[in-house]
Amino acid sequence: MTVAIPIVVEPDRQLGEPAAQHRLRVLLEQGLPLSPRPWQILAEQSGLTEDEVMTCVRRWQAEGLIKRLGLVVRHRRLGIQANAMVVWDVPDTRVAEVGRRLARETAVTLCYRRPRRLPDWPYNLFCMLHGTRREWVLAELATIVERHGLGDIECRVLFSQHAYRQCGGRYAREGDA
Amino acid sequence: MPCQARDFDTLDRRLIDSYQRGLPVCTRPFHTVAERLGTSEAEVIARLERLQSLGVLSRVGPVFDHTRAGASLLAAVAVPESERDAFAALINAAPGVNHNYAREHDYNLWFVMTAPDAPELEARLETLEVRLGVPVLRLPMLEGFHIDLSFPIPWAELEDA
């Protein structure tokens, strides 16, 4: 069983003081300044050089701490409002295989295994489906179920009704930055 | 109200379609982007500013891997539907909450709680649980099969919708 344990990424002592790297992390969570030299601005704010900032970012990308770098889109603002969390109660012996199959579907944007919380919550596999209309998302789900022979697995579709908050992670401690 | 697909011209769409990932890490990244898209650096920056002010972009920057960038988990509570907004406001006021959605289920509020480390995460959840007065379902990720949040925008569908 693979359990995700937070990995503490050790600051690299070659790249400025560790506190400066931490400040950079906190600043990056707010996004890049939209300016011709964004890394230079972040360098001034964090106490690193522009080169050190870019080296840090490339290293975090290589290590997988940064999954992607670019435009973070709010889908709902674009009208992609049918956001469905589909939850499945998959026998433990099949969950990894089903998870990998679902993850390969282009309509599936996230796919995670999570613990059951019996008796209240029997579902152990979660995936997200997005679309412009509810009925299209349901049709897509039906296609996926058919294609992978998942008809015997209990699933529930939890459409979102309202987004009270949708924003990036804030991992910094209070008072940081 | 969501924006309309027609508010976004070809250049906006190419920016969104091409750069949800792979923003170059170089001295003038928007200059490099502009060269690839056949426009100017100033134009790229102006477009990004507009998209950000419209709320279409939450930011331009990195998406960190939750499982490595500290601790986080998906949580849910079942609250009376008539008091949902008030409970949602309490959740939003808690430190570390970065997503909070109402969903169609007895567990009708779903949120992601983040913290610098696991003990702080649990402390934040316990504080919030006391404030809410209802049990919080804790659903940490055990295994990720797909952790890429970028998503092709169905422009044609949006124009028809």
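**Chain folds and the A–B contact in a predicted model**

Chain B has a radius of gyration of 20 Å, whereas a compact globule of 161 residues would have one near 15 Å (radius taken over C-alpha atoms; globule rule 2.2 Å times the number of residues to the power 0.38). The model is predicted: local features need pLDDT of at least 70, side-chain atom pairs count only at pLDDT 80 or more, and totals for chains, interfaces and linings use all residues. Residues are numbered from 1 along each chain as its sequence is written, and chains are lettered from A and ligands numbered from 1 in the order in which they are written.

Along the principal axes, the C-alpha atoms of chain B fill a box of roughly 55 × 35 × 30 Å. Six helices and six strands are found in chain B (DSSP runs numbered from the N terminus, with H or I over at least four residues for helices and E over at least two for strands). Their order along the sequence is α-α-α-β-β-α-β-β-α-β-β-α. Of the 161 residues of chain B, 33% are buried (20 or more other C-beta atoms within 10 Å of the residue's own; exposed means 12 or fewer, partly exposed in between, with C-beta atoms placed from the backbone). Among the contacts in chain B with a separation of 6 or more, 58% involve residues 24 or more positions apart (a contact requires C-beta atoms, placed from the backbone, within 7 Å).

Chain A contains five helices and five strands, in the order α-α-α-β-β-α-β-β-α-β. Buried residues account for 37% of its 177 residues. In chain A, 60% of the contacts between residues at least 6 apart in sequence join residues at least 24 apart. The peptide bond from A:Leu118 to A:Pro119 is cis, with omega near 0°; A:Pro119 belongs to the loop between β3 and β4 (125-131) of chain A.

The UniProt record, an unreviewed entry, places "domain: Siroheme decarboxylase NirL-like HTH" at residues 28-66 of chain A (positions are given in the numbering used here, feature names are shortened, and annotations may be inferred rather than shown by experiment). This span of chain A is 64% helix and 3% strand, and its end C-alpha atoms lie 10 Å apart. For chain B, the annotation of that name, also from an unreviewed UniProt entry, is listed for residues 12-57. Residues 12-57 of chain B are 63% helix and 2% strand, with 11 Å between the end C-alpha atoms.

The contact between the chains takes 72 residues from chain A and 77 residues from chain B. On the side of chain A that touches chain B, at least two residues each come from α2 (38-46), α3 (50-63), β1 (66-73), α4 (95-103), β3 (108-113) and β5 (154-166). The largest share, nine residues, is supplied by β5(A). By class, this side of chain A divides into 36 nonpolar, 18 polar and 18 charged residues (nonpolar: Ala, Val, Leu, Ile, Met, Phe, Trp, Tyr, Cys and Pro; charged: Asp, Glu, Lys and Arg; polar: the others, Gly among them).

Strand pairing (at least two DSSP bridges between two strands) occurs between the chains. β1(A) pairs with strand β1 (residues 57-64) of chain B in the antiparallel sense over seven bridges, and A:Val72 stands opposite B:Arg59 in β1(B). β5(A) and strand β3 (residues 97-103) of chain B are also antiparallel, with five bridges; here A:Gln166 stands opposite B:His99. Within chain A, β5(A) pairs with strand β2 (residues 82-89) in the antiparallel sense over six bridges, with A:Val87 opposite A:Arg156.

How values were computed. Contact = placed C-beta atoms within 7 Å.
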